[in-house]
Amino acid sequence: MEIKQYLSDHRVIVENAMHQLFPEPEYPIETHIKSMRYSLFAGGKRIRPILCLASAECFTEDEQSLQSLYPVLCALECIHTYSLIHDDLPAMDDDELRRGKPTNHVLFGEAEAILAGDGLLTMAFEILSDPANSPLDPTTRLKITHVIARAAGSYGMVGGQSLDMAHEGVDFPFEMLKEIHKNKTGALILASVQAGAIFGSADTTQFSALSLYGKHIGLAFQIVDDLLNVTSTTEQLGKAAGSDAEKGKATYPVYFGIDGTRKKAREAVEEAKDALAIFNEKGNHLRALADYILARSH
Ligand code: GRG
């Protein structure tokens, strides 16, 4: 199947899962739920849940069985959306445009936006931990919950964001940039792939291979993000282009230039694909997603 078709089919699966599991606005907290839903359904690429599904598809293509992953897909997107809402706040990156639309705080105000992020993060774990949402066996559910919690928190995304903030406008060695990228962006992407592997009862070799793929693909994703911030327009990105340089952020293009950064992204994608050798053709969707991450335009 063409990757374009695969992405659009899987986006539909993810969005259906989100519509099925995420609450509707309801008295007396309509505004809070509307504000979460505004950002959740603002048209993201859904790359983390799609990576999770593709990883699970290395073990089974049975649709009914894959439906057990719906709460996981929804949780990943809730956590990702919360991070974007908080990242856009005046105290963080202070952005007014996201996915081509006004950011959450611009529409709902800063206090509601903070609460939307808090609500989404908490809702992720409510949805994930509720046995009524899917027939995942309890041990699998707990293992997946742990991997995602660890990746979202201080030893992953939140820690990475803290490091990123602390290093704005200061010179630092390239090793620190790798650490920031690994945690801020890479950790949740890695956890998405690992959640699919846990669902598939991966053995140690399979889990290590998918983890290696997830690490490289997480890095590639952020390298391409750094690149697009320099080479694309605000219109193409749906968010402020050139913002990294404006904020004095050291990114891959600062260390390696545009061509050097493209090379680094290609290398990371190749390493990701190499890690999948043991899966033969079952890894084809993950390979195609790696190529998509390299070629993406927004
Ligand atoms: C806890 C107050 C508080 C804040 C936390 C954790 C955090 C703020 C921010 C996370 C850091 C972050 C936003 C990293 C950027 C990752 C990234 C490249 C996002 C863009 O992801 P895409 O391209 O977005 O998948 P779409 O729009 O497609 O969903």
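Guide: By class, the shell around the ligand splits into seven charged, seven polar and six nonpolar residues. This is a predicted model. The shell counts 20 residues, and Lys45, Arg48, His80, Arg99 and Gln161 come nearest to the ligand.

For Lys45, a side-chain N or O atom is 2.5 Å from an oxygen atom of the ligand. For His80, the distance from a polar side-chain atom to a ligand oxygen is 2.7 Å. For Arg99, a side-chain N or O atom is 2.7 Å from an oxygen atom of the ligand. On its own, the ligand has 740 Å² of accessible area, and the protein covers 87% of this.

The ligand takes up the space of the largest pocket. H5 supplies the largest share, six residues.

Searching the whole structure turns up one cavity of 30 Å³ or more. The largest cavity holds about 100 Å³ of space. Its lining has 13 residues, with Ser39, Ile85, Asp88, Arg98 and Asn104 nearest the centre. Helix H2 (30-40), H5 and strand S2 (101-102) each give two or more residues to this lining. H5 gives the most here, with four residues. By class, the cavity lining has five nonpolar, four polar and four charged residues.

Key. Residues numbered from 1 in each chain as written. Predicted model: local features only at pLDDT ≥ 70, side-chain atom pairs only at ≥ 80, totals over all residues. Heavy atoms only, no water. Near = heavy atom within 4 Å. Polar contact = N/O pair within 3.5 Å; in protein donor to acceptor, adjacent residues only side chain to side chain. Areas by Shrake-Rupley, 256 points an atom, 1.4 Å probe, with all protein chains shown as cover. 1 Å grid on protein atoms, 1.4 Å probe; cavity = no way out; pocket = protein on both sides within 12 Å on 5 of 7 lines; lining within 4 Å. Sits in = over half its atoms within 2 Å of the grid points. Nonpolar A, V, L, I, M, F, W, Y, C, P; charged D, E, K, R; others polar. Points joined across faces, edges and corners; volume = space filled by probe spheres on them.
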